[in-house]
Amino acid sequence: MSGYARKAVRYPRRAGRVALRAGSLVADLGVWQLLTGLDIDLWLRFSQFPTVTDVAQAFADRLSGPDYWTDLTDSLTRILSGFLLAAALGVATGVLVARSRLAEDLLGPVLEVIRPIPAIALVPVAILLFPSNEQGIVFITFTAAFFPVLVSTRHAVRALTPVWEEAVLTMGGGRFRILSSVVLPGALPGIFGGLSVGIGVSWICVISAEMISGQYGVGYRTWQDYTVVDYPGVFVGMATIGVLGWLTSTAVEVLGRRLTHWLPRTSYDAGARPRASRSGGQTPATSVGDPGIQGAGDEGAGDKGAVSRGPLDQGADSRTTEEARDEHLV
């Protein structure tokens with residue numbers, strides 16, 4: 001057994017990890033209950049906070065009333081409408097800007113000027129522009145998610161190697177074939193990275209928009225509880241927002257893993273053991289195409305004629321790749 005195998009620490013399996021996460025949550029709630037129940041006032045004033053039991057009681061009261069479910073439905077409708085619209089237009093615009101010099105020259109300056117503006121700062125624009133508050137809130141949610149998706153898609157498309165496109169062209173494929181077989185599948189990991197960021201930012205902005213100009217929704221109800229000094233109700237709203245954000249982000253990540261199942265997974269595997277090499281030793285799992293591993297394989301195979309590539313050769317390859325990518329911009 002090699003030194004790597006001896007030092008490998010076995011992490012708990014799925015059931016153990018679930019128990020560990022549940023225990024961490026229970027411990028945090030226990031600390032909260034202890035600090036607020038004893039009215040601890042050091043530098044932070046925990047005596048002003050409601051206890052866990054107060055929040056739990058307020059949450060149970062909300063669940064039995066119709067307003068909670070109405071607010072939940074309204075917020076989910078707004079977030080899904082704005083996010084799905086941002087996902088579709090963000091991906092389409094990102095691909096267009098990355099593949100077309102004309103689109104980049106026409107749309108790039110405008111998008112880069114608008115992108116730094118916080119979505120919540122566009123609330124006055126939404127109020128003036130749209131006839132109803134509902135449409136304005138969906139617009140704020142759309143704007144919040146649009147730019148993370150756009151930027152991630154643009155970078156992911158530009159990072160694709162031109163060799164794949166050249167292979168499709170060699171086999172007689174056209175632009176649609178390149179888009180469906182090379183560009184979109186190759187950019188999917190970057191696209192879903194932008195979607196994961198976008199859904200989180202969307203929740204931040206939709207709650208803020210509901211606080212400012214909404215009539216129903218989790219954000220509106222949370223702000224109303226604050227104005228009437230109902231602090232347990234405020235924490236119920238905060239907990240609801242957190243759970244909804246976690247569920248939607250998890251759904252996006254799960255969908256991304258399903259659609260990119262063909263990718264090699266380089267993240268750690270909790271219960272995995274080091275893979276055995278052909279020589280019988282134990283080697284850690286590595287990603288496909290790792291230059292260090294390829295060099296080690298060549299050296300182990302006894303290829304004495306192999307010459308390592310220096311920084312100048314790598315720089316020349318990088319310039320060649322960029323020139324080839326520029327040639328395929330239309």
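**Note on the predicted model**

1. The buried residues of helix α10 are V218, G219, T222 and D225. They lie on the same side of α10, because they cover an arc of only 125° around the axis. The elements against which these buried residues pack are α3, α4, α9 and α11.

2. What follows α10? The helix is followed by V229, whose phi is positive, near 60°. V229 is not a glycine, and its place is in the loop between α10 (218-227) and α11. Most residues other than glycine have a negative phi. V229 is exposed, since its relative accessible area is 53% and the class of exposed residues begins over 50%.

3. A positive phi also occurs after helix α2, which is followed by D39. The phi of D39 is near 55°, and D39 too is a residue other than glycine. D39 lies in the loop between α2 and α3. Is D39 buried, partly exposed or exposed? With a relative accessible area of 47%, D39 is partly exposed, because that class lies between the 20% limit for buried and the 50% limit for exposed.

4. Between the C-alpha atoms of G37 and F49 the separation is 9.2 Å, although the two residues are 12 apart along the chain.

5. Which residues of the largest nonpolar core touch the most other members? They are I140, F146, L195 and W203, in a core of 50 residues. At least two core residues come from each of α3 (52-63), α4 (66-99), α6 (123-129), α7 (133-158), α9 (175-213) and α11 (231-259). The greatest contribution is that of α9, with 14 residues. As background, nonpolar side chains in soluble globular proteins tend to be buried together.

6. I140 deserves a separate look. Leaving aside residues up to four places away in sequence, I140 touches A119, L122, V123, A126, C205 and A209.

7. For the protein as a whole, the secondary structure comes to 13 helices and 2 strands. Of its 330 residues, 29% count as buried. The protein exposes about 21,000 Å², and carbon and sulfur atoms supply 63% of this area. Among contacts between residues at least 6 apart in sequence, 69% join residues at least 24 apart.

8. The average pLDDT of the protein is 79, and 76% of the residues score at least 70. Over residues 267-316, however, the pLDDT is below 50, and this stretch has 29 contacts in the model beyond near neighbours in sequence. Residues 321-330 also stay under 50, and the model has 20 contacts for them beyond four places in sequence. Where pLDDT is low, the predicted coordinates should not be read in detail.

Methods: Residues are numbered from 1 along each chain as its sequence is written. This is a predicted model: local features need pLDDT of at least 70, side-chain atom pairs count only at pLDDT 80 or more; totals for chains, interfaces and linings use all residues. Side-chain values use heavy atoms; hydrogens and water are left out. Helices (H or I, at least four residues) and strands (E, at least two) are DSSP runs, numbered from the N terminus. A nonpolar core is a set of buried Ala, Val, Leu, Ile, Met, Phe, Trp, Tyr and Cys residues joined through side-chain atoms within 4.5 Å. Buried means under 20% relative accessible area, exposed over 50%, partly exposed in between (1.4 Å probe, protein chains only). Contact means heavy atoms within 4.5 Å. Accessible areas come from the Shrake-Rupley method with a 1.4 Å probe; for residues, only the protein chains shown count as cover. pLDDT is the predictor's confidence in each residue, from 0 to 100. The arc is that of the directions from the helix axis to the C-beta atoms.
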